[in-house]
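Please keep the sequence and the structure in view while reading.

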Amino acid sequence: MTEKGKNQNLHKAKGSKQDEFYTQLSDIEKELRHYKKDFKGKVVYCNCDDPLVSNFFHYFSYNFEKLGLKKLITTCYKSKDMNLFSQNDSERAVYLEYDGDKNGNGMPDPKEIGIKHLKGDGDFRSKESIELLKQADIVVTNPPFSLFREYVAQLIDHDKKFIIIGSRNAITYKEIFKLIKEDKLWIGYGFDAGNAYFKTPHAKLFAKGVYDEKTGLVKFRNVTWFTNLDISKRHDDLILYKTYNPVEYPTYDNYDAIEVSKTKDIPVDYEGVMGVPITFLDKYNPDQFEIVGITKTWFGTATKTYPPQIQVSTNGKKSNVTKLNDGATLKLDAAPRGKTYYMVGKSYYVQLYARVLIRLKRAKK
Ligand SMILES: C[S@@+](CC[C@H](N)C(=O)[O-])C[C@H]1O[C@@H](n2cnc3c(N)ncnc32)[C@H](O)[C@@H]1O
């Protein structure tokens, strides 16, 4: 299966079972070392975490004093057996509060951790969980991907700071992209080489190649950290060295923008709108660039609408489709080789992956 296919597999992770994958401690440590200054005197809430299994609970309880935390709250969903993965076997859940080491051994001992029962199932949207959320300064977790929109909307509604894991596909969701464009949410540091490994109790649900029997981990290429805490990389300028020419940077047929297929190739002197891959957001510095849009139909800035098209696949197979309107296109003089293309009348087009539309704030003359 191709990388794209594997990522689609994750995208399809809609069932609750496919929401069950668990973050590794090393990945939490790698991301959170960039936010150490943010935690002093703060209440941290992990609201999708079986406390004694979640590495988020582990990280914050063991680093409680080092980070200078005020309180750690963790709720688990449905299961009340805290020694197992979320079994979803109980409608009543527990939550846990930890306010630091009392006996001086520098470790969170069971006696120091307050285990309390919730009346309901610990759903992050429940009244009880929202009351706990209100106490929190920063929410840190890997929430269920299938509820990501709702999850983020709740954090924004309650004006909370957060560091959370999500699928990169979420960037193209209307609700999430709006927040990115308004500088209310951005991409964190991310996983090593873009590879995120998680533990799962439901290995069989994942395609071959995604689950590794040797390590017992699933690998996703399309997952990253999202935050609204200020991080230093957000203030680093991307070093640009290329200059614009119309051959290397063709103009889209249906958007008033040029195609820049690699973020590193953004021309330093172009004043107009440029379409860049979504991974640009890993390098986005709001002092250097303005985000003006995204090439998705719902964003509504396409300059034309195509009638139904004929799609010609790489194997020559032809089908009638209407896909061309959901993305930026390039018009070609002839049919391309080795690529899927589209025909409208006698014109040839290729469609590009979703592009973020950006502009340089200070293009060099
Ligand atoms: C991707 S897993 C991550 C678990 C843990 N945060 C971690 O990173 O190891 C998402 C977790 O959210 C839980 N969950 C699913 N629906 C939920 C809901 N409505 N409210 C709270 N938690 C939920 C699942 O049981 C699952 O354990």
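A crossing of two helices is left-handed if the near helix is turned anticlockwise from the far one by less than a right angle, and right-handed if clockwise. Helices (H or I, at least four residues) and strands (E, at least two) are DSSP runs, numbered from the N terminus. This is a predicted model, in which local features need pLDDT of at least 70, side-chain atom pairs count only at pLDDT 80 or more, and totals for chains, interfaces and linings use all residues. Residues are numbered from 1 along each chain as its sequence is written.

Consider helix 2 (residues 25-32) and helix 3 (residues 55-62): their axes come within 9 Å and cross at roughly 55°. Axes are lines fitted to C-alpha atoms, for helices over the stretch in contact, and angles run from 0 to 180 degrees between N-to-C directions. Angles under 35 degrees count as roughly parallel, over 145 as roughly antiparallel, 65 to 115 as roughly perpendicular and the rest as oblique. Helix 2 and helix 3 are therefore oblique to each other, and their crossing is right-handed. Residues are in contact if their C-beta atoms, placed from the backbone, lie within 7 Å. From helix 2, L25, I28, E29 and L32 meet N55, F56, H58 and Y59 of helix 3.

Helix 2 also holds S26. This residue counts as exposed because S26 has 10 C-beta neighbours inside 10 Å; the cut-offs are 20 or more for buried and 12 or fewer for exposed, with partly exposed in between. Between S26 and N55 there are 9.0 Å from C-alpha to C-alpha, although they are 29 residues apart in sequence.

A second pair is formed by helix 6 (residues 148-157) and helix 7, which pack at an angle of about 40° with their axes 9 Å apart. That angle makes helix 6 oblique to helix 7. The crossing of this pair is left-handed. Here R149, V152, A153 and I156 of helix 6 meet E175, I176 and L179 of helix 7.

How is the chain divided into domains? An automatic or database domain assignment supplies the bounds, giving domain 1 (3-232) and domain 2 (236-365). The C-alpha centres of domain 1 and domain 2 lie 34 Å apart. Where they touch, 11 residues of domain 1 are in contact with 10 residues of domain 2. On the domain 1 side, helix 7 (174-181) and strand 8 (186-187) are the elements that give two or more residues. Helix 7 gives the most, with 4 residues.

Terms used. Contact = placed C-beta atoms within 7 Å.
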